[in-house]
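Work through the exercises below with the sequence and the coordinates open. Each task is followed by a solution in steps.

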Amino acid sequence: MHPPHRLEIRGLTKRFGPVAAVTDATFAVEPGRVTGFLGPNGSGKTTTLRMLLGLVRPDAGDARIGGRAYRDLPDPARTVGAALEAKGLHPARTGRDHLRVYAAFIGCPDSRIDEVLALTGIADAAHRRAGGYSTGMRQRLNLATALLGDPPVLVLDEPTNGLDPAGIAWLRGLLRDLAAEGRTVLVASHVLSEAERLVDDVAVMHRGRIAATGPLADFTRQGALEDAFLDLTGATA
């Protein structure tokens, strides 16, 4: 197991032409905890994650993973497991073959493939072509890919999409177990009712800005997380 890594988002700002996608976003994600990065679709969460992972260059600010920018990590695939969207799966390739390709790319032994297939509950479907997978199955394969390098950091964008209630409960248990091992887990979600049962800490994004951060208990003291979010953002249900 790698040493723990703290994530630091510091003043991240990004414009796309006239659109201010993210403005001065600042928050931290602690090891050993599940942090919910929450806000409606279009609020800037995915752009922030892409800046964290070096996929989008910020106009200002920076993001650090264990004190380093993603591009400066000596072994990024074994440090950060990222699942940003359940796409990019070759429809004719089996689940196992998809993992084999990625394992070879990051220098991971084939024995790890069986471990992540079991961990994500898709071992029985590993021989099937990914083109026949349901949205929930693709989410599980995406998560299996993120876990291949046994990373101390997980960055997941809307990981509950396509999962049924049993799948969401399974994911909640898995992420809590991973955090209990000392890993840093960042989960972006727009579904506040699901996030409320999943996370320890919260960073709320609204219209490209961080509206509030803190332990989940600070947001739910007066009621549901959704109510706190609506109060913070001035939005209506």
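**Exercise 1: the largest pocket**

The largest pocket has a volume of about 520 Å³. The model is predicted, with local features needing pLDDT of at least 70 and side-chain atom pairs counting only at pLDDT 80 or more, while totals for chains, interfaces and linings use all residues. Residues are numbered from 1 along each chain as its sequence is written, and side-chain values use heavy atoms, without hydrogens and water.

Task: state which residues lie closest to the centre of the largest pocket, and which elements give two or more residues to its lining.

Step 1. A pocket is an open set of points on a 1 Å grid over the protein atoms alone, with protein on both sides within 12 Å along at least five of seven lines; a cavity is a set where a 1.4 Å probe fits but cannot get out; lining residues have an atom within 4 Å of a point.

Step 2. The lining of the largest pocket has 25 residues, and Ala-82, Ala-83, Tyr-102, Asn-142 and Thr-145 are closest to the centre.

Step 3. Two or more lining residues come from each of helix H2 (76-79), strand E5 (80-83), helix H3 (95-106) and H5. Helices are DSSP runs of H or I with at least four residues, and strands are runs of E with at least two, numbered from the N terminus.

Step 4. By class, the lining holds 15 nonpolar, seven polar and three charged residues. Ala, Val, Leu, Ile, Met, Phe, Trp, Tyr, Cys and Pro count as nonpolar, Asp, Glu, Lys and Arg as charged, and the others, Gly among them, as polar.

**Exercise 2: the largest cavity**

Task: find which element gives the most to the lining of the largest cavity.

Step 1. The whole structure has one cavity of 30 Å³ or more, and the volume of the largest cavity is about 90 Å³.

Step 2. Its lining has 13 residues, with Ala-83, Gln-139, Asn-142, Leu-143 and Pro-159 nearest the centre. H5, E6 and H6 each give two or more residues to this lining.

Step 3. H5 gives the most, with four residues.

**Exercise 3: the second largest pocket**

Task: name the residues nearest the centre of the second largest pocket.

Step 1. This pocket holds about 260 Å³ of space.

Step 2. Of its 15 lining residues, Met-51, Gly-54, Val-56, Pro-58 and Arg-71 lie nearest the centre.

Step 3. Helix H1 (45-52) and strand E4 (60-65) each supply at least two lining residues, and E4 gives the most, with four.

Definitions and conventions:
Grid points are joined across faces, edges and corners, and a volume is the space filled by probe spheres set on the points.
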